[in-house]
Structures are given as C-alpha cells and as structure tokens.
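The following exercises are meant for a reader meeting this structure for the first time. Please work through each task before turning to its solution.

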Amino acid sequence: MIMKNIITNTKKLLLLVPVSMMLFSCNEKLDLMPKQSIDAEAALTTPSNIKATLVGAYLDGRSQWIFGTAFNEYSELYASTGDMLFLGTFEEPREFIQKEATVTNAYVENTWIQAYKLINTCNTLLDPEILAILDDADRDLVEGEARFLRGWTYFELTRLFGLPYEAGAANTQPAVPLVLTPTSDVADAVSVPRNTVQECYAQALDDLTAARDLLPEDNGVYASSLAASAILARVYLQMGNYAGAAGEANNVIQSGMFALTSTPLKAFNNSSNSTEDIFAFQNNVASNNYWLAVMYASLNGAGRGDYEIQQVFLDRFDPSDLRGMFQDNTESSYTIANITMMYYRGVGTIVNSNGINTSKWGSYYTNINLIRLAEMYLIRAEANFEDPGADVGPNTPTQDINVVRARANAPLYTAPVTRQQIRDERYLELCWEGFRLHDLKRWKQSIGEYAWNAGNLILPIPFRELQVNDLLEQNSWYSSGK
C-alpha cells in the first residue's frame, strides 16, 4: 500500500527541519526551533509546529528522488538520443537512457516513496482541523503552499508514470493514485487504484489554481502566487490549452517581479535567488541536495562527470550565442568559480574528465532553480503562436523569443518566427533542466526509434508497490514487454 511506504513510525510524524533552514531568509516561518520528530498527538496543535511541518515539506521536495534531481534526470535521460551520454557506472540511469527501465529500479521506487511522503505531509497540513488552528493570514499561506507542492508533485508523477495527455481525448489511461487525505497511522492505510491521467491533471489544476489565489506575489523563498501561475502555465502547455498557458505566463512576466540575469550563466549556481528565479529550492553548505552537480559537473571537488554533453549539441548554437560557448582552457584546480562559459572541459577525476560538461549544475551548495523567467517568455511565445486568437501580452511570439536570444547575444529574428524556431529555442535555453522528454511528447515527436507515446518512455510502477497493493496495475509495456 502506498501509505505503508511513507509511514516510518505509528507514533511519530517525521519533520526534518535542520537549523540551517533558518539561514535562508528572515521570513517568519524560518524563525522556528528545529525539530527532528514530533509526537503525532501533539505535532500539529500549535501554529509554530504547523509552520515547521511546512518547512519540512520543502525539504522533502528538495530530495534527490523528486524535484531536487530525479525529475530532471528522468526527462533528460529518456529524451537523449546522442546529445548527452551517460558515462557512469550506476545501473539505474543507464536503464533510463537505454529506455529499458526495470520494475525493480531503485531510483523509481525511491521517487514513488518520497513523492507520496511529500503528498502525505501536504494532506496533513490541508486537514481543515489543522488549518483552523491558524489565523487567517497564516491559514492562506499554509494552505496555498501545501496545495502548490501537492499539485506540482501530482503533475510530475502523472507525466512520468502515465502515458501522455492528449488534447481533445478522454485521457482515461492510468496515471497514479490520487490520495488526498492524510495518513498518520498504519491502521489508516488502504489500498488505492490508479486514477486516470485526466483526473490527475484536474487535481493538479485545482491545487495550483487554489495556490495562485491564496498566496501573495512575494513570499520570500517560498512558493508565491506567481510560482503557482508559472506551474499552471506548464500544465496548460502540456495539455495544449494555449490560451491558459499564455495567460498564466503573461501574469508572471507582466508582474514586473522578475528580470532576466545579464548573461545566461548568471542564472545558475547562485547562493541566493537571482532576479530570474520564480522558484528555487534553497541549498547551502549545511543543508543541501548536491546530486545534480554530482552527475552533471566535472570539477575540482564537485561532480563525477557522468552526464557528458556532446559536440553535436553545441553545434546547434550560433557561434555568438553565449549559451553554447565552450571553455577549453580548464585546469585541474578549477571549481565553478573559475568557469566563465556555459560549457567547459571537465577536469574531475572520479568518473570522467576531458569531456564536455554543462555549467548549469556546478556546485553542491547553491540553489536548485526550477522555475525561471526565461521559460515564461518561451511559453508565452509558443502559446500565442499555436493559438493566434489568444493574443496574450504586449509581445508577438517573435519579440518574446528575441528577448531570450538578446540576453544570450544570439542573432535576433527579423522575420516572424516559425514553429520549429520556437521549439529549437526551448531546447537551447532549457536544456538539462528537465524539460526535454515532456516537450517531445507534447509535440508528438519520436525519440530515437520510439514513438512519442511508447510504453517504455514512462516509468514502471515499482514492483514493491504492486506486491503490497493489489489494486495497482502495472503499465502495459512492463507487463507484456512490448
């Protein structure tokens, strides 16, 4: 049963809230005493403990098994057909890049467990009796942030475990179970079946819309109404609801709360949120998830160099485009502080050196930025192009694409952009950030020899879950081998 995997003690509610979280901001929620665990009977009886639980939810979200790494890796590895190679020794990512995941893949199992652990924490926070303990202002914040995290998590799980959403179709293909009530004791756990892709998208939209309407535009390092709008824009884009996508992206852009960094590289490896960050999980020396840098980087003291970018990918960029610049004169002592271009010659010694590595993930201790302003320009451009009747915002699709290209010093388009140019721009700007698989699927483009909706391009339901929950059904490709 799902809930058996996320309950570790029938008397305790685990709340991992290290002291270092108080270093991230002067926001009131961080002025809390750190708690490792709280007795279930007393855990959520005071406003301070409720807020501490919410901080713990963000830490769960930062986990390497979900937003902190795995959601990125699954997308980029499954989508790879030669632009990036896996050179490491771990069996699990090798299965993903070969499109041959097994039902016992430990990464997939950990993703399922950690995602439902986060969902259960959000469900607990959303219990009406818990919310009633808070005053009105705090109640809106807690509900909004919990629904933001839950809705976003269900969206990602649905894209990874369910066959793609198709605009205009019934979308009755199975996704993941929707569990919307909290479980604090093993006795509460019940077997639940998988809900449909349509049902899961509806839940994600409901949660994220509520979050958008409950949260303020500025919420420090935590989820804001604009972060919810940004994820809503992603969801609508994946659904082919272009007017909705353009509207939410425009809401973020026109708020004036964010600005592109001066160069593409400055959007990454920051110890505090940049002007471009709509939402980032906070990292520092004392409290961090370093796994993206472990896999993507090849530097002195950081990274294994497992994910190596190929020259054929760099050849996609115009020679003047800063996003494709390559730093070849690296030395063995170089850290990310010595890297001045978006790609560099790896110098690490753990797995691979002398290859091409991306600078996007080059430090163990800097923030994991997951929603950037550049993406919003790209969404608005594509959505307005695909649905000219939407006509959202002050810019044409060409102007929005040129905003992103101008920052990169890439040649600007003088004629109206084409569909392919818009799609190419998404890849050039958002590569290695976890978008590629989902983009190719919604564009219905083949991935190597496999069709966009091939059964082996989604994750298997973990074998462990099938053993304890007889209502779960395995994805058909993994049952039949076809």
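α7 passes α8 in a left-handed crossing (the near helix is turned anticlockwise from the far one by less than a right angle). The model is a predicted one, in which local features need pLDDT of at least 70 and side-chain atom pairs count only at pLDDT 80 or more, while totals for chains, interfaces and linings use all residues. Residues are numbered from 1 along each chain as its sequence is written, and side-chain values use heavy atoms, with hydrogens and water left out.

**Exercise 1.** Determine how helix α7 and helix α8 pack.

*Solution.* Step one: locate the helices, which are DSSP runs of H or I with at least four residues, numbered from the N terminus. Helix α7 covers residues 136-161, and helix α8 covers residues 197-214.

Step two: consider the geometry. The axes are 8 Å apart, and the packing angle is about 150 degrees. Axes are lines fitted to C-alpha atoms over the stretch in contact, and angles run from 0 to 180 degrees between N-to-C directions. The two helices are therefore roughly antiparallel to each other, a term for angles over 145 degrees.

Step three: inspect the contact (heavy atoms within 4.5 Å). Residues of α7 including Gly144, Phe148, Trp152 and Phe155 meet residues of α8 including Val197, Ala204, Leu208 and Leu214. The contact residues divide into 12 nonpolar, 4 polar and 7 charged. Here Ala, Val, Leu, Ile, Met, Phe, Trp, Tyr, Cys and Pro count as nonpolar, Asp, Glu, Lys and Arg as charged, and the others, Gly among them, as polar.

**Exercise 2.** Is cysteine 200 buried or exposed?

*Solution.* Step two: apply the cut-off. Cysteine 200 has a relative accessible area of 0% and is therefore buried (under 20% relative accessible area, 1.4 Å probe, protein chains only). Step three: list its surroundings. Leaving aside residues up to four places away in sequence, cysteine 200 touches Thr158, Ala175, Val176, Leu178 and Asn195.

**Exercise 3.** Which backbone oxygen does the side chain of asparagine 283 reach?

*Solution.* Step one: asparagine 283 is found in the loop between β4 (277-281) and α11 (291-296). Step two: because its relative accessibility is 3%, asparagine 283 counts as buried. Step three: its side chain reaches the backbone oxygen of threonine 366 at 3.1 Å.

How values were computed. Parallel < 35°, antiparallel > 145°, perpendicular 65-115°, else oblique. Buried < 20%, exposed > 50% of the residue type's maximum accessible area, 1.4 Å probe, protein only. Polar contact = N/O pair within 3.5 Å; in protein donor to acceptor, adjacent residues only side chain to side chain.
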